[in-house]
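Please look at the sequence and the structure together while I speak.

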Amino acid sequence: MAVTIKSPKEIDLMREAGRRLEIVHKKLGEFVKPGISTKDIDRYGEELIRGLDCIPNFLNYNGFPASICVSVNDEVVHGIPNKKHILKEGDIVSLDAGLIYKGFHSDAARTHAVEEISPEAAKLIKVTEESFFKGIEFARAGHHLHEISGAIGAYAESFGYGVVRDLVGHGIGRALHEDPQIPNFAQKRRGLRLQAGMTLAIEPMINAGRYDVCWLDDDWTVVTEDGSLSAHYENTILITDGAPEILTLHAD
């Protein structure tokens, strides 16, 4: 495992990549409404990314055909945008987006309500986001990677939710996916010791039902095996000597 430690200059570039991605996500969240297609979201997201003098890092990554992963209801991640897939009130939609700024990647995801949603769906979205923050309480130099994993999983599972096993978070920097892999559930080993300068994409993917998932015939879209709702929350973070810095989320 080769985990990169970023230099101060590289960290500054990643901060800017994160700041720009946060702008994209904020505008995408405002754009979500009934009657638009998942393809509309993708087109708008790519326009926003390129308008910020950045490159959408998902587009053509290992053959993925879009700039934004748009996953609706029981779709966990990697939903391929489609002009025929129209959002309706009551849906929840997970938007996973990333960009490249001057050679450095950022990656983040949010799950949005499409107008009025059920209390059960709202709770799933809230707990998924909260599980991220429970995890990063341990994202400090001197702690171990799997303390993050265990905290995320324990929190989500305390609500009876299923924590996806087949997909994990990852390191990030000059490449979209770098070492280490970051599970969202407890591990038998402690994992690597965290050091200041590491940059990680922490991304709980939480199902309302069981944790089992399967892939659709498009070889990309991951769905819950039991048809239950799924939510996704992700940020790119920087490990420091103190509290972690969330590069894709800042106070208004």
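This is a predicted model: local features need pLDDT of at least 70, side-chain atom pairs count only at pLDDT 80 or more; totals for chains, interfaces and linings use all residues.

Let me begin with a question: by about how much of helix H1 are Arg 20 and Glu 16 separated? These two residues are four places apart in helix H1, and therefore about one helical turn lies between them.

Arg 20 and Glu 16 form a salt bridge, and their closest N and O atoms are 2.8 Å apart. In general, side chains of opposite charge can pair when their charged atoms come close. Are these two partners buried or exposed? The cut-off for buried is under 20% relative accessible area. Arg 20 has 15% relative accessibility, so this residue counts as buried. Glu 16, with 18%, counts as buried too.

In total, the structure holds 13 salt bridges. Another one joins Asp 40 to Arg 43, with 3.6 Å between the closest N and O atoms. Both of these residues belong to helix H2, where they are three residues apart, about one turn of the helix. Asp 40 has 27% relative accessibility and so counts as partly exposed. Arg 43, at 49%, is likewise counted as partly exposed. Next, Asp 91 forms a salt bridge with Lys 88, and here the closest N and O atoms are 3.1 Å apart. Because its relative accessibility is 4%, Asp 91 counts as buried.

I now turn to the nonpolar residues. In soluble globular proteins, nonpolar side chains tend to be buried together. In this model, the largest nonpolar core has 34 residues. Which of them touch the most other members? They are Val 24, Ile 41, Leu 87, Val 93, Leu 95 and Leu 99. Two or more residues come from each of helix H1 (8-31), helix H2 (38-51), strand S2 (68-72), strand S4 (92-101) and strand S5 (104-113). H1 gives the most to this core, namely seven residues. Consider Val 24: if we leave aside its neighbours within four places in sequence, this residue is in contact with Leu 48, Ile 49, Leu 52 and Leu 99. There is also a second, separate core of 16 residues, and Leu 145, Ile 148, Leu 194 and Ile 239 are among them.

My last topic is the strands. Strands of a sheet pair through backbone hydrogen bonds, either parallel or antiparallel.

Strand S9 (residues 199-202) is covered on both faces. Thr 199 and Ala 201 on one side are buried, as are Leu 200 and Ile 202 on the other. S9 is joined to strand S7 (residues 169-171) by two bridges, in an antiparallel arrangement; there, Ala 201 is the bridge partner of His 170. S9 also pairs with strand S14 (residues 235-238), again antiparallel, over four bridges. In that pairing, Ile 202 has Asn 235 as its bridge partner.

Thank you for your attention.

How values were computed. Residues are numbered from 1 along each chain as its sequence is written. Side-chain values use heavy atoms; hydrogens and water are left out. A nonpolar core is a set of buried Ala, Val, Leu, Ile, Met, Phe, Trp, Tyr and Cys residues joined through side-chain atoms within 4.5 Å. Buried means under 20% relative accessible area, exposed over 50%, partly exposed in between (1.4 Å probe, protein chains only). Contact means heavy atoms within 4.5 Å. Two strands pair if DSSP finds at least two bridges between them. A salt bridge is a side-chain nitrogen of Lys or Arg within 4 Å of a carboxyl oxygen of Asp or Glu.
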